[in-house]
Amino acid sequence: RSFSSQLQSGQKRRSSFGIAFDIDGVILRGKDPIGGSPQALRRLYGDSGNLNVPFLFLTNGGGIPESRRASELSELLGVKILPSQVLQGHSPFKSFMKRYENQLIVATGKGEPAVVMSEYGFKKVVSLDEYASCFENIDPLAQYKKWTTKQALDRSSLPLKTVPRYDVSSETVKAVFVVSDPVDWGRDIQVLCDVLSCGGLPGQENGHQPQPPLYFAADDLEYQAAFPSNRLGMGAFRIALESVFNRIHYNPLEYVCFGKPDPFVFKNAEAMLKQLQPSYHSDNFKEPGDFGLQSFKTLYMIGDNPSVDVKGAQQAGHPWFSILTRTGVFRGKRNHAEFPADLVIDTVEEAVDYILGREC
Ligand code: G3P
Ligand code: MG
């Protein structure tokens, strides 16, 4: 009997496998579903709409809270995605909450970086947009950027409930978080060089001050967006910032990058998939203490970027199995030379076909 018919008949059986889907270049291109992604995801649900196979999205992208991304994905893909099924590049930033809970931190990137951090529990977070607007003339090019000027002045567009205002010009920034791809690279490089070189207080020369910690949500050099060729990602911005900073300052820039291929991200995804399992099959697991937290035999990472998705799955080791699609960064005929995947296939729909054929 098939795996799904066993589950639907209430027979006890946990999924011994789970799936992590990359988003950009596998599930979506810009906002458009690709590679038969809606059909592929539908196959992971039973007739009653319950999930048969634990799966989540493991993306280096972000810029909005996981709950919002889950609704956005549900709408685009036509299946019900839970917030716990969305792991974004910045999701690990939650773990810094206790360290910086009441301290002034700056968050930058597309979308709503300060709202993301506020939702994680940080109490004193300011977006770089807002931060820069508190220092007159910090960006000498601002007058030429009508859109930036408008955004900085239009405070009514900022979510006042979740992002409190501070007098940041006299308070030291304790850490900087690059939450998503920065929008205005020139302004961000300028202001971050200021913040990071003056011990967190721009415009003040107080001799040598230690650099506030700097965290990047990911380090992708390139990724697949709506444009036909690859676009520059957060890793490209990191190189730009680091190159400029190191030309100006004696002490090289210090920073930490999260996101794939960091093995921690894959460990976290594995833990999340284990937790997702019992709630989906609650009718099937009734014994006390039966939380379904046993190990998976195989976890599939379906990605488009060899040096991020495949390298990450390889480094994470057992039980990860990497599948490389040809819908994004990788377009080769054969396997990638440096980071060969366990399987190379055209689309995510074919990848799910392969997995279900192998497992069920
Ligand atoms: O900005 C998004 C990009 O860096 C990668 O996203 O879904 O391919 O991990 P994804
Ligand atoms: Mg991708």
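**View 1. The shell around ligand 1.** By class, four nonpolar, five polar and four charged residues make up this shell (nonpolar: Ala, Val, Leu, Ile, Met, Phe, Trp, Tyr, Cys and Pro; charged: Asp, Glu, Lys and Arg; polar: the others, Gly among them). In this predicted model, local features need pLDDT of at least 70 and side-chain atom pairs count only at pLDDT 80 or more, while totals for chains, interfaces and linings use all residues. Residues are numbered from 1 along each chain as its sequence is written, and chains are lettered from A and ligands numbered from 1 in the order in which they are written. Ligand 1 is surrounded by 13 residues, the closest being Ile23, Asp24, Thr59, Gly61 and Tyr223 (a residue is near if its C-beta atom, placed from the backbone, lies within 6 Å of the molecule). Domain 1 (3-89 + 260-359) and domain 2 (91-257) each supply at least three residues to the shell; these bounds come from an automatic or database domain assignment.

**View 2. Where the two domains meet.** Here 20 residues of domain 1 are in contact with 21 residues of domain 2 (C-beta atoms, placed from the backbone, within 7 Å). On the domain 1 side, the touching residues comprise five nonpolar, eleven polar and four charged.

**View 3. The largest nonpolar core.** This core has 86 residues, and Phe21, Ile105 and Met117 have the most contacts inside it (a set of buried Ala, Val, Leu, Ile, Met, Phe, Trp, Tyr and Cys residues joined through C-beta atoms within 7 Å; buried means 20 or more other C-beta atoms within 10 Å of a residue's own, placed from the backbone). Both domain 1 and domain 2 contribute at least three residues to the core.

Note on methods
A residue is buried if 20 or more other C-beta atoms lie within 10 Å of its own, exposed if 12 or fewer, and partly exposed in between; C-beta atoms are placed from the backbone.
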